[in-house]
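Here is a note for a colleague who is opening this structure for the first time. Please read the points below alongside the sequence and the model.

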Amino acid sequence: MTAVSSGDSAAGSVTELPPPAVDDEVLEAQRRRWTPLRIAVWTAIALVGGLGWVMLALVRGETVNAIWFVFAAVATYLIAYRFYSGYIERTLLKPDDRRATPAEHSENGQDYLPTDRRVLYGHHFAAIAGAGPLVGPVLAAQMGYLPGTIWIIVGVVLAGAVQDYLVLFFSMRRGGRSLAGMARDELGRVGGAAAVLATLAIMIILIAVLALVVVQALGESPWGVFSVAMTIPIALFMGFYLRYLRPGKVGEVSVVGVALLLLAIVAGGWISESGAAAFFTFDRTTLAWGVVVYGVVAAILPVWMLLAPRDYLSTFMKIGTIVLLAVAVVVVRPDVMAPAVSEFAGNPAGGPVVPGPLFPFLFVTIACGALSGFHALISSGTTPKLLEKERQTRFIGYGGMLMESFVAIMALVAAVSIDRGIYFAMNSPAAMTGGAVDSAAMFVNSLGLAGVNVSPELLAGTAQSVGEQTIVSRTGGAPTLALGLANILSGLFGGAALMSFWYHFAIMFEALFILTAVDAGTRVARFMLQDAVGSFVPKFKDMSWRPGVWIGTLVMCGAWGGILIMGVTDPLGGINTLFPLFGIANQLLAAIALAVCLAIVARRGSIGTLWIVLVPLVAVTVITVTASLYKIFSSVPAVGYWAQHNAYREALAAGRTSMGAARTPEAMEAVVRNTFIQGSLSILFLVLALVVIVTAAIAAIGSLRAGGRPSLEDEPVPSKLYAPSGLVPQPAEKELEARWLAEVGPPSRGGH
């Protein structure tokens, strides 16, 4: 960013500023100029991507190499960003860098602050990337590698990145309005109220399942508990370092932080082999309470103390690890052990990992990597208040989601590159595997999987190789992903001797992903709750009012903490029953976000570009409504919450003391209670989302019939600063940037 100079106020003169933006025609001409080199580069990208898709989708009868996932994904992302997002920018959004963004015209040094696009990209990615792109693809690997790959890549291009981009742009044009605020403006009282209630309710289940993934990964793992616990004092140290010791030294403190993280991983290995291991070995229920307490503290502490430094840590770890994994895949070239489409894809009851048929449950299991409603809260939260220029919404919104999709592809590669027998032993609930290597091997072998023959020795040896007591029924996806990462990275660095290091490095990598989303999500949920309650008790709208902060935080942590405890103690395997609800809730939130975008686009009165929003909205609505109806009305107990609820309730009424996975009357009662809660939430989410979608459709039709309605965007304010639009500036942008530096000087404000 190059900021405006104040000029010579004593003389009463003002410095004449260079233009705040490159002329649109000049910039577009440079982007669309096709030189022979550019033609050759894009032809090569298209050929490599096409070859990757052919190898993944069409070639059969030989082992598929994981390298083709990287080629197909990266080539598709590049083409989609260059052409499709450019089409959206040019025909639908039409950004104007001569207009000041909220970060410029409302700058207050705290919430509103023009921030360098590269720094903001890292902040945005750290905020949106939680457990979803890591866990969903791992669980969906049960159905084979091809369906998940297609949904992750095609879904993000046409739906996920489009949603993030549009919500970010529309929020920015409205002063950084929240999704709920935009819904109230566009849909009226009924639709707005439904959107607020749906967002709050869905946030509870999203945070609970994110926390559940961490708990499942760290249970009975002293190495993992110690390493992850150490990230808290490391983040606190970084926060105080940046605020008091060396303000502004982001690069310096990042090097220190990463070094301390690696030391924490190594020290975790020492702890696990010493007498101190008992002090860091906890059952999952105890860990769940610990995560709830952490959520309360993290959401109340000042952002600079814990949340911001954890973002720095997680951004380096997230992007660095995924890039390292991609390089390792290209170098090591691991073979894919899973089939393109598995034996469970066509089974109406699904399999032991994900119950239900491929459609719609693949599409709600893989949520965040292809489409995520949670992102809409970030894209209408902190990010639109930090943008320097309007054109940067494409790089941050569309480009940031493409990076998350690549995380999901790498997670899928890690999952399908490990032995299939080990995969099912790790991800099937303890009620099926018996929790021991002997019974787990027997269970997996009974599934009748082609070419799979697991022995107890294989399961025990795998656990020993990664420094764990057991890998059986480590549900939640995180341990499976960690094992896949360890297998691939140890092939590049260290071999078998470093398997345990890479495994726990991956566990910490995932925990940083997830805990960042837990504490940030709790804070956002508290803001939404205070805003909603503030409509009745105005004092709650004051976000600095300490009683309101404490009450809001305790209510939200109590709500998601209750769901977390329910999942941890669920006899049927909490992650296996809750993750479909997590995916459905997340995608319903995406449908709500797209419905709001539909109403905004229709307000312009033009039907020509409406399909950009309508296609993903119709797709996600069909997917999520179908999945919700399955969970509510299916007569298959493994799929339908109410079918499961009624089966266990009737068994209790008949005097039975055990049934299926529930071995005691208390466990049976827990299933009855849990399925009632889950079934009720399914109904609530569906009804609220349909109310929002219907009111949005009515508003859109009304706008189109009227030939358009007045825009609710803020009045434009002339911009007085300049910054390039993308990661790599165009030649004209470089020229204008050099002119600003020469005539105005270097940036005079923060955010860098």
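1. Cysteine 597 has a relative accessible area of 2% and is therefore buried, a word that here means under 20%, with exposed meaning over 50% and partly exposed lying in between (1.4 Å probe, protein chains only). The model is a predicted one, in which local features need pLDDT of at least 70 and side-chain atom pairs count only at pLDDT 80 or more, while totals for chains, interfaces and linings use all residues. Residues are numbered from 1 along each chain as its sequence is written, and side-chain values use heavy atoms, leaving out hydrogens and water.

2. A disulfide is taken as a pair of cysteine sulfur atoms within 2.5 Å, and by this rule the count is zero. Cysteine 597 is in no disulfide, since the nearest cysteine sulfur, in cysteine 368, is 17 Å away. Cysteine 557, which is also buried at 2% relative accessibility, has its closest cysteine sulfur in cysteine 368 as well, at 20 Å, which is too far for a bond.

3. Tryptophan 560, leaving aside neighbours within four places in sequence, is in contact (heavy atoms within 4.5 Å) with residues including Ile204, Val291, Gly295 and Thr522.
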